[in-house]
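User: I am new to this structure and would like to learn how to read its features. Please guide me through them in turn.

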Amino acid sequence: MKTDVVIVGAGPTGLSLACQLVRYGVDFIIFDKSESTTPHSKAIGVQARTLEIYEQIGLADKLIEQGAIAGKVRMVVGGKVRSEVDFGEIGKGMSPYPFVLIVEQGKHEKILYDFIKANGKDVLWNTELESFTQDESSATANIKTDNGETETIEAKFLVGCDGAKSPVRRTLGLTFEGSTFERMYYVADVQIDWKFSHDAGHGFLLKNSMLAFFPMTGENQWRIVGTFPEEFAKDEGDILYEEIEEQIRQDAELDLDITNVNWFSTYKVHTRSVNKFSVGRCFLAGDSAHIHTPAGAQGMNTGIQDGYNLAWKIAMALQGNADAKILETYNDERLENAKNLLETTDRMFELAVSPKLFISYLRTHIFPYIARFAISIDAVKKFAFPRVSQIGINYRHSSLSVHTGDKNFRIKAGDRMPYFLVDGKSIYDKLHQPKFHLLIFQDGQNDRKAMDGEIQMEFADLVDSAIVQLDPQVAEIFGTANPFNVLLRPDNYIGAISSDASLGPMKNYLERYL
Ligand SMILES: Cc1cc2nc3c(=O)[nH]c(=O)nc-3n(C[C@H](O)[C@H](O)[C@H](O)COP(=O)(O)OP(=O)(O)OC[C@H]3O[C@@H](n4cnc5c(N)ncnc54)[C@H](O)[C@@H]3O)c2cc1C
């Protein structure tokens, strides 16, 4: 078989990368050793940035229909609610999706898979990577198909979306350094009859372990996540749910009628990252490149962002619109992000589970009282939401971010295009095309229509352009009331921003990279 891109693994990372390649009209083959998308709930927290990405291919609303917005969390100590925090609209004004969406990974993967099939492609299920090689012009995967035969797939690029144990990473000889937490964790999807309502997550603030209940779709359906007591030294997979149920009751200090255990799994928490996201024509994305603590629901969302970052660069290189060197920026941008992510999730996790006396006191006695108050403060929302929702990720250090014109702006090259409304409609409505976007911001005194025509004359195939009225809200966000232009990469990060009266800086950018 021959193709342009071969994707190893059809978890959320591989499937979402495939959706992006469909969008760019890139030919690919995706295969997975499993027989179908996951039947399990696994990752339930979907972040705003993921929904912004899905909006471009018409999948955000579909996912929202299948899930529920995480609205409140109750902090419980000694079986009693010590505090209730409402964060349903914590990101209001910062994203069209100002919340965390709760939807099971199984349903999520199915939506991505259906999109691929609706576009005439499919996943080769029950198909396992046995080995692969690469040379200067191609990468060749040797696979074992569902009927036991060995075949080869020759592609221009290979992407390993094959999870934490990644055979692709091992073959490439990349390191996966970091650490593993000693304590064993469990996750159980169950039905519970108890005194608390189904409209909030419940965090049980314990001195030296962790227990949390998250509401899932379906009547009385809950996800329980917790730590085993320290004396549990069994290996992952050896433990039965029944062995932990009594511990759950003791930790919750509540009367719980737990029935219908739909899924139970145990795991160790690791925090690790590769030293490089690519070698030659082969790339890694998702858990194959980074794994971290479950704090903040970041893992799957980060894998989806990896694919989003890589897809347009592969498309540009394959279609001859950019030099293959552009692919090096994938490693630069996503490795920096993975390192930052490991640090933040480790810190959040420490606060949630550490048995250290000071942190444990902070968690049980101080945090519940300040959290409710803190979340109502605008500055706290503006600090917390961009970090958790992943809308705050930026590529300011990337070679694709040209800073020459951005000195007097609050928003810099490398930042995600900020969200705001224009004539009551989301600015993102103008950014759905799989192209670069030139946004020409004009005030009442200047007519910049000629610029629109000029860019279309020269770059119509690669650049989409729009004129936007520079109203006071936009001026406040960007930090200038004078007309300016913004050039966005196809993933809607700012490549260049300039108040120059000509299109010179924007054309320079396009000529330099395309
Ligand atoms: C209990 C739990 C809760 C979580 N909660 C969240 C959350 O709320 N939010 C969040 O963002 N993340 C969460 N995560 C993390 C999230 O599930 C992972 O980050 C995500 O599944 C990674 O996706 P992936 O596609 O990179 O890897 P995987 O999902 O591991 O998929 C890899 C795929 O590659 C296939 N594969 C492997 N080897 C081969 C081979 N040799 N040949 C062919 N195919 C192969 C596998 O069969 C698999 O389908 C959670 C994880 C767990 C376990």
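User: Which residues of α7 and α8 meet each other?

Analyst: Two residues are in contact if their C-beta atoms, placed from the backbone, lie within 7 Å. In this structure Thr302, Asp306, Asn309, Leu310 and Lys313 of α7 meet Thr329, Tyr330, Glu333, Arg334 and Leu341 of α8. By class, this contact of α7 with α8 has three nonpolar, three polar and four charged residues; Ala, Val, Leu, Ile, Met, Phe, Trp, Tyr, Cys and Pro count as nonpolar, Asp, Glu, Lys and Arg as charged, and the others, Gly among them, as polar. The model is predicted: local features need pLDDT of at least 70, side-chain atom pairs count only at pLDDT 80 or more, and totals for chains, interfaces and linings use all residues. Residues are numbered from 1 along each chain as its sequence is written.

User: How are the names of the helices and strands to be read?

Analyst: Helices (H or I, at least four residues) and strands (E, at least two) are DSSP runs, numbered from the N terminus. Helix α8, for example, comprises residues 328–353.

User: At what angle do the axes of α7 and α8 cross?

Analyst: Axes are lines fitted to C-alpha atoms, for helices over the stretch in contact, and angles run from 0 to 180 degrees between N-to-C directions. Angles under 35 degrees count as roughly parallel, over 145 as roughly antiparallel, 65 to 115 as roughly perpendicular and the rest as oblique. The axes of α7 and α8 cross at roughly 165° and come within 10 Å. The two helices are therefore roughly antiparallel. As to handedness, a crossing is left-handed if the near helix is turned anticlockwise from the far one by less than a right angle, and right-handed if clockwise. The crossing of α7 and α8 is right-handed.

User: How do α2 and α7 pack?

Analyst: Helix α2 (residues 48–55) packs against α7 at an angle of about 40°, and their axes are 9 Å apart. That angle makes α2 oblique to α7. Their crossing is left-handed. Arg49, Thr50 and Ile53 of α2 meet Asn301, Ile304, Gln305 and Tyr308 of α7. This contact has three nonpolar, three polar and one charged residues.

User: Is α2 mostly covered or mostly exposed?

Analyst: A residue is buried if 20 or more other C-beta atoms lie within 10 Å of its own, exposed if 12 or fewer, and partly exposed in between, with C-beta atoms placed from the backbone. Helix α2 is mostly covered, as seven of its eight residues are buried. They are Ala48, Arg49, Thr50, Leu51, Glu52, Ile53 and Tyr54. The cover over these residues includes β3 (45–46), α3 (60–66), β7 (101–102), α7 and α10.

User: How do α1 and α4 pack?

Analyst: Helix α4 (residues 105–118) and α1 pack at an angle of about 30°, with their axes 9 Å apart. That angle makes α1 roughly parallel to α4. The two helices pass in a left-handed crossing. Among the residues that make the contact are Leu15 and Cys19 of α1 and Leu112 and Phe115 of α4. By class, the contact divides into nine nonpolar, three polar and one charged.

User: Which elements supply residues of the shell around the ligand?

Analyst: A residue is near a molecule if its C-beta atom, placed from the backbone, lies within 6 Å of it. Here 33 residues surround the ligand, and the closest are Gly9, Gly11, Gly163, Gly286 and Gly299. At least two residues of the shell come from each of α1 (12–23), β9 (128–134) and α7 (299–318). Helix α7 gives the largest share, four residues. The shell holds 14 nonpolar, 13 polar and six charged residues.

User: Which phi value does Gln390 have, and is the residue buried or exposed?

Analyst: Gln390 has a positive phi of about 70°, although it is not a glycine. Gln390 is found in the loop between α10 (378–389) and β21 (421–422). Gln390 counts as buried because it has 23 C-beta neighbours inside 10 Å. Asp423 also is not a glycine and has a positive phi, of about 50°. Asp423, however, is exposed, with 7 other C-beta atoms within 10 Å.
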